[in-house]
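Below is a set of questions and answers on one protein chain. The sequence and the structure come first.

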Amino acid sequence: MKRIGYLYDLTFTPAALLAAFHAAARHKHGKRACFLFEKHLASNLDTLHSELAEGRYTPRPYYSFMVYEPKPRRIYAPAFRDLVVQHAAYAVVGPIFDRGFIDQSFACRTGKGTHKAADYAQAALQACPAGSYTLKLDIRKFFYRIDRDVLRTLIERKIKDRRFVDLLMQFADHGEPVGIPIGNLLSQLYALIYLNPLDHFIKREIGAKNYCRYVDDFILFGLTRQELIAAKARIVEFITDKLHLELSRFTLATVTRGINFVGYRTWSSKRFIRRHSIYTFRNAVKQGAMDSAVSVLGHARKTHSLQHLLRYFKEHQNGKNHQLPETYRRASHPRTATA
């Protein structure tokens, strides 16, 4: 495997940092931290460049807070200046690693996402032989249990620039012995890098033709029950020995039972959003929170749930006269909502 060097000086040029600022500022121009950085943009970028070039740069402590939906998690938000540096690093290192990822890894990648993952999963169900099974697995507390020494080794397989790797690993450290901070731009890339060996193991060593993953949820399709039981044992051994992780839970079921994946309940011929999303939509409509309601509609746009949500919206206007985007006002026939 060819390793790439001399990335540090290439990554943190004045022009690259300016481009990284614009990427970091996207959708954040109303935020105070972005405003203050932009107010003295030239000076702040010059300071960042000097610190990076002279080896004096150190990320500031994260601002951490808890979120409770869909489950309790601690989020680590970097200072805006550090977000700029992360964007500069991501712009260079992201494409280097992305070339080695399998096509069926759908999280946090350009042109991928939950809709593409759901489409692939439904197509895989349709391709499954009659009487075959699916095996769905996920990793226990994945982000909290990533071994940073293993992560560094995986990064160094592609990157031989010591200064660049050292900087990347600074953003992986959040003061705990293991794990990486949730909420970091680079943490998304670290997660992809960390489980990439698992993807290749399942595709190459186990020989799963139909397989996909979204972050730490992954599914094998269309094998016999005995084949999937044997595959699970090999996967457990691999993630324990190589990645120092463990499974949280697994579901082994016939293809006809469908799957619960990336926010959808999916069968070969139909797809629905989860009940929690319907609950969120109903609450949003009752409270007049149109941004939230439209977000759920976007999630449901290729499912059999869309018509139910649109009917509910019409029936519970209560004289508020809220307007939906034109796309949903035209979606009046059930066939337009099917997957």
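Contact here means heavy atoms within 4.5 Å. Angles run from 0 to 180 degrees between N-to-C directions. The model is predicted.

Q: At about what angle to strand 4 does helix 10 run?
A: Helix 10 covers residues 185-206. It lies across strand 4 and strand 5. Its angle to strand 4 is about 170°.

Q: What is the mean pLDDT of the protein?
A: Over residues 333-339 pLDDT stays under 50, and the model has 18 contacts beyond four places in sequence for that stretch. Across the protein, 95% of the residues reach 70 or more. The mean pLDDT is 93.

Q: Which strands stand at the edges of the open sheet?
A: The sheet has 4 strands in the order 4-5-3-6, with antiparallel pairing.

Q: Which residue in strand 5 is the bridge partner of Lys136?
A: Strand 3 (residues 133-139) and strand 5 (residues 217-223) pair over 6 bridges in the antiparallel sense. In strand 5, the partner of Lys136 is Ile219.

Q: Which strands does helix 6 touch?
A: Helix 6, residues 114-127, packs on the sheet. Its direction makes about 160° with that of strand 4. The strands touched by helix 6 are strand 3, strand 4 and strand 5.

Q: Which residues is Asn210 in contact with, leaving aside its neighbours within four places in sequence?
A: Asn210 is found in strand 4. Its C-alpha atom is separated by 36 Å from that of Arg282, 72 residues apart along the chain. The contacts of Asn210 beyond four places are Tyr120, Ala124, Ala127, Ile219, Leu220 and Phe221.

Q: Are helix 5 and helix 10 roughly parallel or roughly antiparallel to each other?
A: The axes of helix 5 (residues 80-98) and helix 10 come within 9 Å and cross at roughly 25°. The crossing is left-handed. Angles under 35 degrees count as roughly parallel. Helix 5 and helix 10 are therefore roughly parallel.

Q: How do the residues of the contact of helix 5 with helix 10 divide into nonpolar, polar and charged?
A: Helix 5 contributes Leu83, Gln86, His87, Ala89, Tyr90, Val93, Gly94 and Phe97, and helix 10 contributes Leu185, Leu186, Leu189 and Ile193. Gly counts among the polar residues. The division is 9 nonpolar, 3 polar and no charged.

Q: Are helix 12 and helix 13 roughly parallel or roughly antiparallel to each other?
A: The axes of helix 12 (residues 275-287) and helix 13 (residues 290-299) come within 8 Å, crossing at roughly 150°. The crossing is left-handed. Angles over 145 degrees count as roughly antiparallel. Helix 12 and helix 13 are therefore roughly antiparallel.

Q: How many residues lie between strand 1 and strand 2 in their hairpin?
A: Strand 1 (residues 63-67) and strand 2 (residues 73-77) run antiparallel and are joined by 5 bridges. Val67 stands opposite Arg73 in strand 2. The number of residues between the two strands of the hairpin is 5.

Terms used
Residues are numbered from 1 along each chain as its sequence is written. This is a predicted model: local features need pLDDT of at least 70, side-chain atom pairs count only at pLDDT 80 or more; totals for chains, interfaces and linings use all residues. Side-chain values use heavy atoms; hydrogens and water are left out. Angles under 35 degrees count as roughly parallel, over 145 as roughly antiparallel, 65 to 115 as roughly perpendicular and the rest as oblique. A crossing is left-handed if the near helix is turned anticlockwise from the far one by less than a right angle, and right-handed if clockwise. Two strands pair if DSSP finds at least two bridges between them. pLDDT is the predictor's confidence in each residue, from 0 to 100.
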